[in-house]
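Please prepare a short report on this structure.

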Amino acid sequence: MDQKTLRTLEFPKVLERLARLCAFAPSAEKARRLQPVDDFDLAAALQAETSEASRMLSHSAEASIGGARDIRPSIDLANHDGVLTPSELLDIRSTLVSARTLSNYFTRLNEAYPHIGRVAAQIAIPPYLIDAISTVLSDRAEIRDSASETLASIRHDMRIAHERLLTKLQRMVSDPHNTPYL
């Protein structure tokens, strides 16, 4: 179908209305890029998925991508050997957990919603990545001492040095010879 026909049918307005219903920015972008298909079998399959999704959403509000973030910039940065910040890693973990939860939800409902179940089965969740991020970072985006033995050792030494400095400072402040100067 040519662009003039699509404009005449106000297809871009339909896509924009659809995009406004999306709670996730990447989903809205994908909605805006939808195009009609001219293959009958593909159109029928897509319509079946849409009908199934509509039916599912009207019967259950549990399907949600809550916690997911738009991690495309982080993925692009990582693909170009960039270094991600702890908060970017937490966003990735949160998104993976959301994807896993949603995939498990759809898998449980596979009998009632087989088309959506097939789509959900294609979601690959690397559990080792979720675990690795959780092991290294706290929920406040702080690197845990357990992230590496070297880091744990350095932080241990820093705590000891800090305690020694505080003790020495306390002695200096409590020393009667120093009171006139303080």
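## Arginine 93

Arginine 93 sits in helix H6, where helices (H or I, at least four residues) and strands (E, at least two) are DSSP runs numbered from the N terminus. The model is predicted: local features need pLDDT of at least 70, side-chain atom pairs count only at pLDDT 80 or more, and totals for chains, interfaces and linings use all residues. Residues are numbered from 1 along each chain as its sequence is written, and side-chain values use heavy atoms, with hydrogens and water left out.

With a relative accessibility of 15%, arginine 93 counts as buried (under 20% relative accessible area; exposed is over 50% and partly exposed in between, with a 1.4 Å probe and protein chains only). Its contacts (heavy atoms within 4.5 Å), not counting residues up to four places away in sequence, are Ile130, Ile133, Ser134, Leu137 and Asp139. With serine 134, arginine 93 makes a side-chain to side-chain polar contact at 3.3 Å. A polar contact is a pair of N or O atoms within 3.5 Å; within protein, one must be able to donate a hydrogen and the other to accept it, and residues adjacent in sequence count only if both atoms are side-chain atoms. The C-alpha atoms of arginine 93 and leucine 129 are 7.6 Å apart, while the two residues are 36 apart in sequence.

## Threonine 95

Helix H6 (residues 86–108) also holds threonine 95. Threonine 95 is buried, because its relative accessible area is 14%. Leaving out residues up to four places away in sequence, threonine 95 touches Gly67, Ala68, Arg69 and Ile71. Its side chain reaches the backbone nitrogen of arginine 69 at 2.9 Å.

## Aromatic pair

One aromatic pair is found in a search of the whole structure. The ring centres of tyrosine 105 and phenylalanine 106 are 5.7 Å apart and the planes lie at 55°, so the pair is tilted. Rings of Phe, Tyr and Trp (its six-membered ring) pair if their centres lie within 6.5 Å; planes under 30 degrees apart count as stacked, over 60 as edge-to-face and the rest as tilted. Both tyrosine 105 and phenylalanine 106 are buried.

## Largest pocket

The largest pocket holds about 2,000 Å³ of space. Of its 43 lining residues, Cys22, Ser27, Lys30, Ala53 and Val119 are the closest to the centre. Two or more lining residues come from each of helix H2 (11–20), helix H3 (25–32), helix H4 (40–59), helix H5 (72–79), H6 and helix H7 (114–121). H4 gives the largest share, nine residues.

On a 1 Å grid over the protein atoms alone, a pocket is an open set of points where a 1.4 Å probe fits, with protein on both sides within 12 Å along at least five of seven lines; lining residues have an atom within 4 Å of a point. Grid points are joined across faces, edges and corners, and a volume is the space filled by probe spheres set on the points.

## Helix H3

Pro26, Ala28 and Ala31 of H3 are buried. The cover over the buried residues of H3 includes H2 and H5.

## Positive phi angles

Most residues other than glycine have a negative phi. Glutamate 10 has a positive phi, near 55°, and lies in the loop between helix H1 (3–8) and H2. Its relative accessibility is 41%, so glutamate 10 counts as partly exposed.

Aspartate 81 has a positive phi of about 60° and is found in the loop between H5 and H6. Aspartate 81 is exposed, with a relative accessible area of 73%.
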